[in-house]
Amino acid sequence: MKVDESKCLGCGRCRPYCTMGAISFVRAEQGQVCARIDQHECVDCGVCYRAEVCPGEALYEPTPQWPRSVRSTFSNPLVEHKETRIPGRGTEEMKTNDVTGRFKWGEAGMAVEMGRPGIGARFTDIEKVAMALAALGDIHFEAKNPLTGLMADKRTGRMNAEVLNEKVLSAIIEMTVPLTRVQEVIGAVQKVANELSTVCSFDLTCKVHPGDTVPAFELALGAGVKHTLNGKTNVGLGRPFFEEVKL
Amino acid sequence: MSHTLHRRGTVESLKNDFVIFAMSAKGINEIDSNIQLRRFLEIVRQFGPVNLGDMKTGNCFITPEETIITSTKDTSIVHGVFDNREAFIKALKAVKDADLGVSVIVSGLLDATQECCREAGINRNTCETSLGVWGKNELLPDEDILRFSTMCGHGMVAFSLVKKMIEDVKEGRRTIQEAAQEMAKPCQCGVFNPSRAAAMLEEILCLWGIRIA
């Protein structure tokens with residue numbers, strides 16, 4: 001996001017809407033107070049622009065060039081990824097599991113949402129986590145996730161070097177593992193989290209098993225990690241387009 | 001894209017926070033699903049949601065409800081938010097009876113939504129939970145601020161906007177309702193719960209000073 005200094009009135013109305021706190025005010029050459037956006041910190045989420053609070057219509061979004069373009073594709077939910085055709089940073093994950101059968105019996109979906117909530121992440125940090133997970137061996141990052149597409153080496157989790165210094169509001173490292181590996185993955189994230197210069201939110205998904213139980217949640221507790229009391233449930237009303245293997 | 005997963009708060013503040021949403025699976029049951037998604041919104045609207053939206057067109061505080069409903073696309077993700085259990089269960093039952101064929105997802109306290117599913121005669125398919133926030137947690141603002149901002153999973157509700165709204169209410173520039181709705185606007189999908197936000201504002205106002213750093 002940029003500011004047209006000739007139109008900015010310096011009123012400050014845009015500042016509270018900035019998700020990254022990247023807007024400040026300075027005295028421009030002609031002496032008037034003017035908004036300035038720290039381009040290193042701005043993630044091109046578009047919130048300040050869409051808030052329509054600028055009386056001078058001074059905010060504008062230039063078409064970003066590679067690699068800066070990754071900022072808006074991961075941070076602005078109105079930008080649809082060409083790989084997933086889903087707006088935002090992730091995939092359909094468990095939301096369409098009743099139709100796709102993506103997560104099967106005995107499996108867990110695990111995702112590390114880098115930069116969430118509200119802090120943002122650079123790809124240097126994203127790479128640290130991806131590489132720590134890949135180092136466990138036989139970890140398959142979700143192919144449809146746009147972040148996986150930015151990995152130069154999906155086997156090691158190494159990111160395309162061109163994007164390393166880019167910052168996004170959040171990006172999701174997504175994988176499916178057998179239930180037997182849930183605690184191992186939790187351990188790896190626990191360890192690498194100490195090396196991060198940002199935060200990450202950790203998601204755990206599992207098909208509801210017979211007896212209305214969710215075994216992955218018990219496994220997390222076994223690893224000493226208490227899950228939150230709230231969560232998301234696919235209520236199974238979608239018509240399945242796969243053949244379910246009986247447990 | 002777990003945009004309703006990491007809402008923070010006490011059990012008390014989350015107990016009346018229910019989100020229901022629908023989407024089709026890309027490349028599977030996507031074609032012409034805009035019809036089912038539109039029907040979903042029409043059904044949900046009958047039960048008085050406190051927010052309603054489609055990622056593609058926006059929430060009901062920035063776009064007229066009619067426009068949201070008539071603009072659904074095959075790639076839409078459509079949402080309704082409820083601030084009471086009874087209305088949520090009625091909406092869930094009505095969506096089930098409509099047999100739309102697209103995926104329907106609910107968010108809330110897991111035990112509460114499980115009970116609601118039972119009452120609606122629904123067997124849960126898949127669950128997702130949060131294992132919390134890891135890494136440099138000292139960067140996060142006060143928990144009071146996070147409880148508002150995490151109602152938009154895409155992070156569109158800036159910490160600074162929450163602080164500004166608290167400040168505006170305290171200084172008499174906005175009412176609590178106006179502040180809650182202003183925070184709901186940037187959350188494009190319409191999953192922010194302005195009713196919960198208003199209740200939380202009421203609760204915390206006395207705890208915050210006028211000048212917020």
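This is a predicted model: local features need pLDDT of at least 70, side-chain atom pairs count only at pLDDT 80 or more; totals for chains, interfaces and linings use all residues.
B:Asp99 takes a positive phi of about 45°. The residue comes just after helix α4 of chain B.

Now step back onto that helix. Select residues 85-98 of chain B, the 14 residues of α4(B). The helix reaches 20 Å from its first C-alpha to its last, close to the 20 Å expected at 1.5 Å a residue. Show the side chains of B:Phe88, B:Ala91, B:Leu92 and B:Val95, which are buried. They lie on the same side of α4(B), because they cover an arc of only 100° around the axis. Which elements does this buried side pack against? In chain B, pick β1 (18-23), α2 (33-45), β4 (77-82), β5 (103-109) and α5 (110-119). The face turned away from the buried side carries B:Glu86 and B:Asp97, both exposed.

Next, strand β6 of chain B. Select residues 126-135. Four bridges join this strand to β12(A), and the two run antiparallel.

Is B:Thr126 buried or exposed? B:Thr126 is buried, with 25 other C-beta atoms within 10 Å. Leave aside neighbours within four places in sequence, and its contacts include A:Met94, A:Phe103, A:Thr205, A:Cys206 and A:Asn234.

Now show the whole contact between the chains. Chain A puts in 69 residues and chain B 61 residues. On the chain A side, the elements giving two or more residues are α3 (97-100), α5 (182-193), β11 (199-207), α6 (215-222) and β12 (230-234). Color β11(A) on its own: its nine residues are the largest share of that side. By type, the chain A side divides into 34 nonpolar, 22 polar and 13 charged residues.

Go inside next. The largest nonpolar core has 137 residues. Select A:Val129, A:Ile173, B:Ile20, B:Val157 and B:Met183, those with the most contacts inside this core. Helix α4 of chain A, residues 123-134, gives the most to the core, with seven residues. Then center on B:Met183. Not counting residues up to four places away in sequence, B:Met183 touches B:Phe148, B:Val157, B:Leu161, B:Val162, B:Met165, B:Phe192 and B:Ala197.

Chain A has six helices and twelve strands. Its C-alpha atoms fill a box of roughly 70 × 40 × 30 Å along the principal axes. Of its 247 residues, 51% are buried.

Finish with the backbone of chain A. Most residues other than glycine have a negative phi, and most peptide bonds are trans. Where are the exceptions here? Select A:Trp66 and A:Pro67: the peptide bond from one to the other is cis, with omega near 5°. A:Pro67 lies in the loop between β4 (59-60) and α2 (69-75). Move to A:Arg116 and A:Pro117, where the peptide bond is also cis, with omega near 10°. A:Pro117 sits in the loop between β5 (107-114) and β6 (121-122).

Two residues remain. A:Asp44 is not a glycine, yet has a positive phi of about 60°. Find A:Asp44 in the loop between β3 (33-37) and α1 (47-50). A:Asp44 counts as buried, with 28 C-beta neighbours inside 10 Å. A:Glu93, not a glycine either, has a positive phi of about 30°. Look for A:Glu93 in the loop between α2 and α3 of chain A. A:Glu93 counts as buried, with 28 C-beta neighbours inside 10 Å.

Terms used: Residues are numbered from 1 along each chain as its sequence is written. Chains are lettered from A and ligands numbered from 1 in the order in which they are written. The expected span of a helix is 1.5 Å times one less than its number of residues. A residue is buried if 20 or more other C-beta atoms lie within 10 Å of its own, exposed if 12 or fewer, and partly exposed in between; C-beta atoms are placed from the backbone. The arc is that of the directions from the helix axis to the C-beta atoms. Two residues are in contact if their C-beta atoms, placed from the backbone, lie within 7 Å. Ala, Val, Leu, Ile, Met, Phe, Trp, Tyr, Cys and Pro count as nonpolar, Asp, Glu, Lys and Arg as charged, and the others, Gly among them, as polar. Two strands pair if DSSP finds at least two bridges between them. A nonpolar core is a set of buried Ala, Val, Leu, Ile, Met, Phe, Trp, Tyr and Cys residues joined through C-beta atoms within 7 Å.
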